[in-house]
Amino acid sequence: MDNQTVLERLKSRLGNALLESREFRGELTIVVPKDRIADVCSFLKDDPELAYDFLSDLCGIDMFTPERRFGLIYNLLSLRNRHRLRIKTFVEEEDPKVQTVSGIWRTANAHERETFDMFGIVFEGHPDLRRMYMPEDFEYYPLRKDFPLMGISGSLPLPKK
Amino acid sequence: MDTKVEEITHRSRILQALEDQDTSASFLDPLESEMILNMGPQHPATHGVLRLLVKLDGETVIGCVPELGYLHRGYEKLAESCTYHEFIPHTDRLDYISPLSNNTAYTLAVEKLLGIEAPPRAQFIRTIISELARISSHLLFLGSLAMDVGALTAWMWSFREREKLYDVFENLVGARFTTSYTRIGGVVQDMTPTAESMVREFIEAFPEKLEECEKLLNRNRIFIGRCDGVGVLTREQAIDLGVTGPTLRASGVHHDLRRALPYLIYDQFDFDVPMFEGGDSLARYYQRMAEMKESVKIVRQALEKIPPGSVHAFKPHNVLPRKKQVYTRMEELIHDFMLVNFGIDPPDGEIYFSIEAPKGELGFYIMSKKGDGHPWRFKIRSPSFVNIHALPTILKGAMVSDVVAIIGSIDPVMGEADK
Amino acid sequence: MGLESALGDSFLTTKVEDAINWCRKNSLWPMPMGISCCAIEMMAFAGPRFDASRFGSEVLRFSPRQSDVMIVAGTTTFKMAKVVRKIYDQMPDPKWVIAMGACTSSGGMYRTYSVVQGIDLFLPVDVYVAGCPPRPDNLLNALMLLQRKVQKGESRGNAPSYIGDFHSNKLENVAAT
């Protein structure tokens, strides 16, 4: 199972859902539109030949461009074929909502919560979307590029001496 | 609609009551026999600052919510302001039980991004230290699991063995614990003959010591009673939850990144990947013991086959030059200056690279922009983060007194779970 | 400090105080607030090679109600600071705090949004131990410094010398690296 075969199969099955594809250092990355992400993921998992049944990682990325500001990266692994694939999708800054994939791979539950905590991307259909690392009442999203490294003073309370 | 709102207010009241002494939460339900127990961040046996909120019906756990973030140090944001070389000491503190393994993973990931390869001797040395780190990590697992279920002697013995490993690391690197041994393009310094003989000595003496610990625990009725059948994770659940490492292999999935997607020089060695079908704590214990024995085999073979040669690649724009040359030659001085101040010169792209760390699949997703010495996005896929989120599934139906044994058998490390 | 101060100051009470301080210093039971990497070196400090129990720290009591000194080992985040303070408040008097490692002394290598830049922002610290992580022998040195401090009767961060004290040249409360 190599990148070429996978790309052919994806092109034939996904059609216009496959916006771009790139191969870099032996890894294949495809870009899909954000409203098709759930179908694409369930197709990739259920397809008997591709069988990407393992979600290694799900993360967000702040491109800091005026349009398509946030990106979502899904790193998939097929245990049977020993092949990795990366899916990318982009969301806008004004409306950072995307469908959840926690119904497809249960591990996505934790990763999506973390992405929500760090970037503020809302996953529709997620059973329990709340912050992962920062306290519940924290108002900012740390990994956005406009949040300073040292934080905003007063945003996290400290006990009195 | 109404029940959802009620649920949310109930939940926030319960969380509030668990946080401070002044709030109390009680709800009008005379038949309610459920209790929420807070196994707080400070606890003798939660392997670090893990907070578990367990919902109990008598002594049976009916639900569990792990709460992370008590050790969130902001690694990913920090990486965006560090150059690639500056981040190497931070990788030590991820899985702080086997720092050499994280160093290797990180430098391999950056080398993949740059498209360079370390020389063969450096690859062999990296394999040796990865396997020694695996032995060190599993020894701590052995000690903590045994201590959590009550066998204190095993903890003392495993710490004695770990001290010997620390002596080896100190001779090899200079530091016992937070080593920062690998560099982009190789390792810091070559393995001296003394270090090599210390490694050999340790490997020769280790199997016997391991057997001593096994004699104490393997057929011990109490240990088996506390671990057998406890915390079962089935094969399908494990794959669905993204669990990796010994926990996955003890549930019957034969998946090891050293075999599936080989890195370093693992395809040149002859070793087995053990697998057990039970999926319970005892199977996870046997799995890690077997893995330690395989690591000994790998180190032995590596020590025999290690070739002579340099341990630094020659790639002036990306690999730090030797200090002796920096002080005497012009080009190396300029390269050193550029690398330390502005960082390496990566291409425009993104990679995801993962290794088989002692806890599972440790992966780095790096996105870089052309010529920028700082990564644009650096994501750490930590195995403990995912393994901890398998706890709600495993703990459902277990007894509250087994929670400690189950957490011990999964062996999470909060440094990497919280990043 | 403690019960004997109710007796007032006299020759007898100073002798009694000395004796009590001697007892206290030789039985400092630590409460290991092990948060991250320093906790592993603290476990080694209690382990078979660098044995802490020969200095009187016989058991590492995880219950704050039964311990004398809290060794804060590891990076303290804002979320964890509340917990550390709560545990500190639960410890009975007399109590001391050892700030182990660079992260607790000053935030360490993490100058980020979620790490408290030094636990002395919310806890009174008695001994700072430098290192990342400090070797277990370094922590034993800190324990011995603390014992000297207990013998003199100083306590709880009200002590005369600390890092940056310009009035005394004695860096007594800083464990050597």
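Biologist: In which sense do strand β2 (residues 69–73) of chain C and β3(C) pair, and over how many bridges?

Modeller: The general idea is that strands of a sheet pair through backbone hydrogen bonds, either parallel or antiparallel. Here, β2(C) and β3(C) pair in the parallel sense, and five bridges hold the pairing; two strands count as paired if DSSP finds at least two bridges between them. Helices (H or I, at least four residues) and strands (E, at least two) are DSSP runs, numbered from the N terminus. Please keep in mind that this is a predicted model, in which local features need pLDDT of at least 70 and side-chain atom pairs count only at pLDDT 80 or more, while totals for chains, interfaces and linings use all residues. Residues are numbered from 1 along each chain as its sequence is written, and chains are lettered from A and ligands numbered from 1 in the order in which they are written.

Biologist: Which residue stands opposite C:A73 in β3(C)?

Modeller: The residue opposite C:A73 is C:M100, and C:M100 in turn stands opposite C:V129 in β4(C). Strand β4 (residues 127–129) of chain C runs parallel to β3(C), and three bridges join the two.

Biologist: How does the chain cross from β2(C) to β3(C)?

Modeller: A crossover is called right-handed if, with the strands pointing away from the viewer, the path from the first strand over the helix to the second runs clockwise. The β-α-β crossover from β2(C) to β3(C) passes through α3(C) and is right-handed. Along the whole of chain C, starting at the N terminus, the elements follow the order α-β-α-β-α-β-α-β-α-β, which comes to five helices and five strands.

Biologist: Why is strand β3 (residues 96–100) of chain C described as largely enclosed by the rest of the structure?

Modeller: One reads this from burial: a residue is buried if 20 or more other C-beta atoms lie within 10 Å of its own, exposed if 12 or fewer, and partly exposed in between, with C-beta atoms placed from the backbone. Strand β3(C) is largely enclosed because five of its five residues are buried. C:W96, C:I98 and C:M100 point one way, while C:V97 and C:A99 point the other way. For chain C as a whole, 47% of its 177 residues count as buried.

Biologist: Which residues have the most contacts inside the largest nonpolar core?

Modeller: A nonpolar core is a set of buried Ala, Val, Leu, Ile, Met, Phe, Trp, Tyr and Cys residues joined through C-beta atoms within 7 Å. The largest one has 206 residues, and those with the most contacts inside it are B:A109, C:M42, C:V72, C:V84, C:I98, C:M100 and C:L146. Helix α5 (residues 120–149) of chain B gives the largest share of this core, 15 residues.

Biologist: Beyond its neighbours within four places in sequence, which residues is B:A109 in contact with?

Modeller: Two residues are in contact if their C-beta atoms, placed from the backbone, lie within 7 Å. By that rule B:A109 is in contact with B:I351, B:F353, B:F364 and B:I366.

Biologist: What is the order of the strands in the sheet that contains β6 of chain B?

Modeller: Three strands form this open sheet in the order β6-β7-β8 (chain B), with antiparallel pairing. Because β6 and β8 of chain B stand at the edges with a single partner strand each, one side of each is left without a neighbour in the sheet. β7(B) and β8(B) pair over five bridges, and B:I366 has B:F378 in β8(B) as its bridge partner. Helix α4 (residues 99–114) of chain B packs on the sheet, where it touches β6 and β7 of chain B, and its direction makes about 150 degrees with that of β6(B); axes are lines fitted to C-alpha atoms, for helices over the stretch in contact, and angles run from 0 to 180 degrees between N-to-C directions.

Biologist: How many residues of chain C are in contact with chain B, and how do they divide by class?

Modeller: For classes, Ala, Val, Leu, Ile, Met, Phe, Trp, Tyr, Cys and Pro count as nonpolar, Asp, Glu, Lys and Arg as charged, and the others, Gly among them, as polar. Here 26 residues of chain C are in contact with 25 residues of chain B. α2 (37–46) and α3 (78–90) of chain C each supply at least two residues of that side of chain C, which has 16 nonpolar, six polar and four charged residues.
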